[in-house]
Amino acid sequence: MIDDGAGVDQFCGWPGEAVTAMALVLAMAPLSPLDSAVVIRVEDETRSTVWSLRSCAAETAQGEDHS
């Protein structure tokens, strides 16, 4: 399920070689310290790349013992 989807081209047109960096920046910018995101890049009909952006703060909060 997609909560907030953003396409790189809707913000800056086609960024050429900077497309990967722009996708990561657009995914990270609105995140709070406990949020995460997924970046999907469709490269052609047979290849795509997926990055999972997970917060280090979220992992630390889950691992804490509050007893």
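Tutor: Buried means under 20% relative accessible area, exposed over 50%, and partly exposed in between, with a 1.4 Å probe and protein chains only. This is a predicted model, in which local features need pLDDT of at least 70, side-chain atom pairs count only at pLDDT 80 or more, and totals for chains, interfaces and linings use all residues. Residues are numbered from 1 along each chain as its sequence is written, and side-chain values use heavy atoms, with hydrogens and water left out.

Student: Is valine 42 buried or exposed?

Tutor: Valine 42 lies in strand β1; helices (H or I, at least four residues) and strands (E, at least two) are DSSP runs, numbered from the N terminus. Its relative accessibility is 64%, so valine 42 counts as exposed.

Student: Which residues make the nonpolar surface patch?

Tutor: Patches are made of residues with over 30% relative accessible area and no salt bridge, where like charges are joined within 9 Å and nonpolar side chains (Val, Leu, Ile, Met, Phe, Trp, Tyr) within 5 Å. A salt bridge is a side-chain nitrogen of Lys or Arg within 4 Å of a carboxyl oxygen of Asp or Glu. Strand β1 (residues 36–44) gives the largest share of the patch, three residues. The patch covers about 420 Å², and its members are Val38, Ile40, Val42 and Val50.

Student: What pattern does the chain follow along the sequence?

Tutor: The chain holds three helices and two strands. Read along the sequence, their pattern is α-α-β-β-α.

Student: How many bridges join β1 to β2?

Tutor: Two strands pair if DSSP finds at least two bridges between them. β1 and β2 form a hairpin, with two residues between them. Aspartate 44 stands opposite arginine 47 in β2, and the partner of alanine 37 in β2 is leucine 53. The two strands run antiparallel, and the number of bridges joining β1 to β2 is eight.

Student: Which element has the lowest mean pLDDT?

Tutor: pLDDT is the predictor's confidence in each residue, from 0 to 100. The chain averages 75, and 64% of the residues score at least 70. Where pLDDT is low, the predicted coordinates should not be read in detail. Strand β2 (residues 47–54) has the highest mean, 88, while the lowest, 64, belongs to helix α3 (residues 56–63).

Student: Is serine 55 buried or exposed, and which residues does serine 55 touch?

Tutor: Serine 55 sits in the loop between β2 and α3. Its relative accessibility is 14%, so serine 55 counts as buried. Between serine 55 and alanine 37 there are 8.9 Å in space, C-alpha to C-alpha, although they are 18 residues apart in sequence. Not counting residues up to four places away in sequence, and taking contact as heavy atoms within 4.5 Å, serine 55 touches Pro33, Leu34 and Asp35.

Student: How many residues apart in sequence are valine 19 and valine 8?

Tutor: Valine 19 belongs to helix α2 and is buried, with a relative accessible area of 12%. From valine 19 to valine 8 the C-alpha distance is 7.2 Å, and their separation in sequence is eleven residues.

Student: What is the C-alpha distance in space between valine 25 and valine 8?

Tutor: Valine 25 lies in helix α2 (residues 19–28). Valine 25 is partly exposed, with a relative accessible area of 47%. Valine 25 and valine 8 are 17 residues apart in sequence, and C-alpha to C-alpha they are separated by 9.7 Å.

Student: Which residues does alanine 23 touch?

Tutor: Alanine 23 is found in helix α2 and is buried, at 17% relative accessible area. Tryptophan 51 is 28 residues away from alanine 23 in sequence and 10.0 Å away in space, C-alpha to C-alpha. Leaving out residues up to four places away in sequence, alanine 23 touches Val8 and Val39.

Student: What share of the 67 residues of the chain count as buried?

Tutor: Accessible areas come from the Shrake-Rupley method with a 1.4 Å probe, and for residues only the protein chains shown count as cover. The chain exposes about 5600 Å², of which carbon and sulfur atoms supply 54%. Of the 67 residues, the share that count as buried is 15%.
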